[in-house]
Amino acid sequence: MAVDLQRLALKRLLTTQSPDFYNKLVNKYFTGNNLVLFKKVNSFYTKNLRIPSLQEFYEIQRQEASKDYLRRELMQVTLDGEKDVDSNFIAAQLQDYYIREETIHFIDKFIDDLDNLEQT
């Protein structure tokens, strides 16, 4: 079973409202719709100096198109023993995934540029 760590992190952030967990998350860890949602949490935090609850976040999204994404996708992220998974573990997994993706991107670019580097 594959779990979307980005959505799981967003769900955990909104349900726990933990500033410590929030401080471990950065924009670079999120992509696509998850990045949009994280930026909205970021914006709320900047204005109110606190993390919104899940219900508050749904209310904020009421007039926006991302509402359907939130209702369908964010709440459907489940993991057996989800409450037992430590927030630090989720943040570490997001960081590891980001580092792995950046490394692969760097190596791919290096291999693509290898012909040009050999000519020099």
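**The core and the aromatic pairs of a predicted model**

Modeller: In this predicted model, the largest nonpolar core holds 21 residues. Those with the most contacts inside this core are Leu13, Phe21, Leu25, Phe30, Phe38 and Val41. At least two core residues come from each of α1 (5-16), α2 (19-23), α3 (32-48), α4 (54-60) and α6 (87-119). The largest share, 5 residues, is supplied by α1.

Colleague: What elements does the protein chain contain?

Modeller: The protein chain has 6 helices and 0 strands. Buried residues account for 31% of its 120 residues.

Colleague: Which residues does Phe38 contact, leaving aside its neighbours within four places in sequence?

Modeller: Phe38 is in contact with Leu10, Leu13, Tyr22, Leu25, Val26, Asn27 and Phe30. Phe38 also belongs to an aromatic cluster with Tyr22, Phe30 and Tyr45.

Colleague: How many aromatic pairs are there?

Modeller: The count comes to 4 aromatic pairs.

Colleague: Why is the pair of Tyr22 and Tyr45 called tilted?

Modeller: The ring centres of Tyr22 and Tyr45 are 4.4 Å apart, and a pair requires centres within 6.5 Å. Their planes stand at 35°. Planes under 30 degrees apart would count as stacked and over 60 as edge-to-face, so the pair of Tyr22 and Tyr45 is tilted.

Colleague: What makes this pair a tie between parts of the chain?

Modeller: Tyr22 lies in helix α2 and Tyr45 in helix α3, so the pair ties together parts that are 23 residues apart in sequence.

Colleague: How do you know whether Tyr22 and Tyr45 are buried or partly exposed?

Modeller: Buried means under 20% relative accessible area. Tyr22 has 9% relative accessibility and therefore counts as buried.

Colleague: Why is the pair of Tyr29 and Tyr98 called tilted?

Modeller: The centres of the Tyr29 and Tyr98 rings lie 5.9 Å apart, and their planes are at 50°.

Colleague: Where do Tyr29 and Tyr98 lie?

Modeller: Tyr29 lies in the loop between α2 and α3, and Tyr98 in helix α6, so their pair ties together parts that are 69 residues apart in sequence.

How values were computed:
Residues numbered from 1 in each chain as written. Predicted model: local features only at pLDDT ≥ 70, side-chain atom pairs only at ≥ 80, totals over all residues. Heavy atoms only, no water. Core = buried A, V, L, I, M, F, W, Y, C linked by side-chain atoms within 4.5 Å. Buried < 20%, exposed > 50% of the residue type's maximum accessible area, 1.4 Å probe, protein only. Helix = DSSP H or I, 4+ residues; strand = E, 2+ residues; numbered from the N terminus. Contact = heavy atoms within 4.5 Å. Phe/Tyr/Trp six-rings, centres within 6.5 Å; stacked < 30°, edge-to-face > 60°.
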